[in-house]
Amino acid sequence: QVVPSGYGLIDDLTIDLEETEMRIADLQKDAYNFKKEVVIGAENLINGKTMAEKVVRYLEGRLYHRDAVLEKLKLKNTSLQHKKQKLES
């Protein structure tokens with residue numbers, strides 16, 4: 001059965017759209033958490049200024065989390081590539 005080339009493009013665009021929606025949701029969640037934990041939670045009650053230590057701690061935590069997710073995805077990608085090679089052989 002011949003599949004028109006337009007269907008592949010539609011599938012690619014649908015996947016891109018879903019990835020973009022996931023990224024937007026992730027960014028909205030990050031912005032909410034930052035506001036909750038740093039902007040409001042790190043405010044000094046006496047002078048109203050944000051405490052720098054909490055901002056740095058929050059950003060370091062986010063970087064650590066992103067690095068952990070990145071490493072996990074790299075391992076998963078390598079595993080899937082090996083499985084793909086086995087199936088093609």
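These are my notebook entries on a predicted model of one chain.

**Ground rules.** I number residues from 1 along each chain as its sequence is written. Since this is a prediction, local features need pLDDT of at least 70, side-chain atom pairs count only at pLDDT 80 or more, totals for chains, interfaces and linings use all residues, and side-chain values use heavy atoms, with hydrogens and water left out.

**Overall form.** I looked up the secondary structure and got two helices and zero strands (DSSP runs, H or I of at least four residues for helices, E of at least two for strands, numbered from the N terminus).

**Burial.** Buried residues come to 6% of the 89 in the chain (buried is under 20% relative accessible area, exposed over 50%, partly exposed in between, with a 1.4 Å probe and protein chains only).

**Helix 1.** This helix covers residues 5-40 and includes E19. I have E19 down as partly exposed because its relative accessible area is 35%. M22 is in helix 1 too, and I call M22 exposed because its relative accessibility is 61%. From M22 I went on to E88: the two are 66 residues apart in sequence and 31 Å apart in space, C-alpha to C-alpha.
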